[in-house]
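Please have a look at the model first, then read on.

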Amino acid sequence: MIPEMLRAAWRQRKLYDAEHRGPPITTMSNQTPLRGGLEVETRNDRSAAATPQPMTQTRWPSCLVWTLSLFVIFWVSFFVLSLRFPYFKNGSDLVFDAKLRWEANGPIFPADPRVLRLLIFGNSKILAGFVPSSFDQLAAADNLQVSSFNSGFPGSDLVLPPLKAMCERGQAPNVLLLTLPWRADLPSRSIFRFIPDDHAAVQRLFPFRNLARDFTSFLMHAPSHGGVVRYYREAEQNERLAISQRGYYLISEQSYFAGGRLPEDFHLASDQPNAVLGRDAVPRSSEIAELNQLVTQHHIHCYYVPYYLRIGEAAAAASYDQHFAAIVEQASSCKLLGPDYYLYPNKFFSDQTHLNRAGAQVYTETLFQLVESKLRALQ
């Protein structure tokens with residue numbers, strides 16, 4: 001009788017638990033019968049669902065960690081080396097960096113308002129072709145007070161960034177001479193061209209990317225310059241010389257001919273002695289728009305002047321390029337002076353592209369004669 005009552009009471013308790021407490025969180029692992037046939041539930045083992053699981057952390061593969069670590073180590077090492085030994089670069093790169101720093105921070109022109117400020121832009125042809133000291137002497141001999149600066153850059157037609165920097169700190173020129181036409185706008189960003197100027201992006205990410213090449217070239221040329229230490233000091237002096245000469249730099253490292261002059265019979269297979277290599281430009285671009293703004297804001301007199309080529313490299317240019325002049329006058333507030341380029345004999349060239357010092361004197365004198373009347377009208 002009593003066992004039956006106990007069984008009935010136990011069944012009622014189970015029904016109550018099911019209705020009010022939900023499913024049990026543990027499983028019955030054993031049912032131990034007691035005396036009289038009573039079965040008792042024991043709760044020794046927990047279910048897998050109720051057992052808390054340990055938290056797992058996502059770990060990067062060791063190979064990826066090592067790769068990133070080595071990349072960072074190499075990047076920092078080369079960056080430090082490029083800063084610690086800046087004169088392992090070739091002469092042109094040294095001059096490029098030195099002129100950019102000077103034009104951003106140094107005194108370009110004297111503070112005397114009576115002195116006309118003349119600035120010329122171009123690539124390495126202007127860097128090695130325009131001698132500011134000679135130009136100023138010619139002006140002084142003609143009773144003109146002029147201070148000129150050569151802003152030619154090797155391997156680049158950079159104009160706006162340095163010109164902007166000079167204007168912003170009160171070093172705007174009175175007369176601006178340009179030799180190369182403005183550039184068209186770069187293609188806009190797209191999924192196929194996310195970086196408009198990939199060359200500039202690489203330069204920012206890897207400013208030391210030419211360090212191995214430059215160091216190898218340095219070691220190859222060092223013996224002919226008195227050894228590594230002497231050649232390194234010579235590069236440092238060349239950088240200072242370019243600033244003291246107000247941007248002019250004789251590019252001698254590319255000259256392999258006696259006396260620093262081309263042989264009279266020198267020519268290249270790419271020469272076009274019967275073709276006129278006229279200048280051309282797009283009707284409008286953001287670059288010429290920014291230039292116009294600077295010219296107007298700072299009251300700059302802007303002129304496009306000729307560059308130079310070797311005799312035999314191209315045919316003689318017309319004395320005045322009507323086509324290019326029309327584009328210049330429609331797109332900008334600048335004017336065109338003279339032909340597209342001058343032709344000089346080989347004896348005035350130190351290599352196939354750049355003038356030697358004698359040729360630079362001739363080119364500088366020719367430019368002075370071209371702009372003399374414009375300077376006199378402003379004096």
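Lysine 99 sits over the face of phenylalanine 153, 5.4 Å from the centre of the ring. Please keep in mind that this is a predicted model.

**Cysteines**

- The structure contains 1 disulfide, and its partners are cysteine 302 and cysteine 334, with an S to S distance of 2.1 Å.
- The link of cysteine 302 and cysteine 334 is right-handed, with 85° about the S-S bond.

**Enclosed spaces**

- Rolling a probe the size of a water molecule over the atoms shows where empty space is left. For this model, the count is 2 cavities of 30 Å³ or more.
- The largest cavity holds about 100 Å³ of space. Its lining is made up of Asp157, Val159, Leu160, Leu178, Leu180, Pro181, Trp182, Glu287, Ile288, Leu291 and Tyr304.
- Which helix gives the largest share of that lining? Helix H10 (residues 286–297) does, with 3 residues.
- By class, the lining of the largest cavity has 9 nonpolar residues, no polar ones and 2 charged ones.
- The second largest cavity has a volume of about 40 Å³. Phe121, Gly122, Asp157, Val159, Leu178, Thr179 and Leu180 line this cavity.
- In the lining of the second largest cavity, 4 residues are nonpolar, 2 are polar and 1 is charged.
- Asp157, Val159, Leu178 and Leu180 are found in the linings of both cavities.

**Aromatic rings**

- How many aromatic pairs does a search of the whole structure find? There are 13 aromatic pairs.
- A pair of aromatic rings is described by the distance of the centres and the angle of the planes.
- One of the pairs is phenylalanine 257 with phenylalanine 266, which is edge-to-face: the centres are 5.8 Å apart and the planes stand at 75°. Phenylalanine 257 itself is partly exposed, at 31% relative accessibility.
- Why is the pair of tyrosine 342 and tyrosine 344 called tilted? The ring centres are 6.3 Å apart and the planes meet at 45°, so the pair is neither stacked (under 30 degrees) nor edge-to-face (over 60).
- Both of these tyrosines are buried: tyrosine 342 has a relative accessible area of 16%, and tyrosine 344 has one of 7%.
- Tyr342 and Tyr344 also belong to one aromatic cluster, together with Tyr308, Phe348, Phe349 and Tyr363.

Terms used
Residues are numbered from 1 along each chain as its sequence is written. This is a predicted model: local features need pLDDT of at least 70, side-chain atom pairs count only at pLDDT 80 or more; totals for chains, interfaces and linings use all residues. Side-chain values use heavy atoms; hydrogens and water are left out. A disulfide is a pair of cysteine sulfur atoms within 2.5 Å. On a 1 Å grid over the protein atoms alone, a cavity is a set of points where a 1.4 Å probe fits but cannot get out, and a pocket is an open set with protein on both sides within 12 Å along at least five of seven lines; lining residues have an atom within 4 Å of a point. Grid points are joined across faces, edges and corners, and a volume is the space filled by probe spheres set on the points. Helices (H or I, at least four residues) and strands (E, at least two) are DSSP runs, numbered from the N terminus. Ala, Val, Leu, Ile, Met, Phe, Trp, Tyr, Cys and Pro count as nonpolar, Asp, Glu, Lys and Arg as charged, and the others, Gly among them, as polar. Rings of Phe, Tyr and Trp (its six-membered ring) pair if their centres lie within 6.5 Å; planes under 30 degrees apart count as stacked, over 60 as edge-to-face and the rest as tilted. Buried means under 20% relative accessible area, exposed over 50%, partly exposed in between (1.4 Å probe, protein chains only). A charge sits over a ring if NZ of Lys or CZ of Arg is within 6 Å of the ring centre and within 35 degrees of the ring normal.
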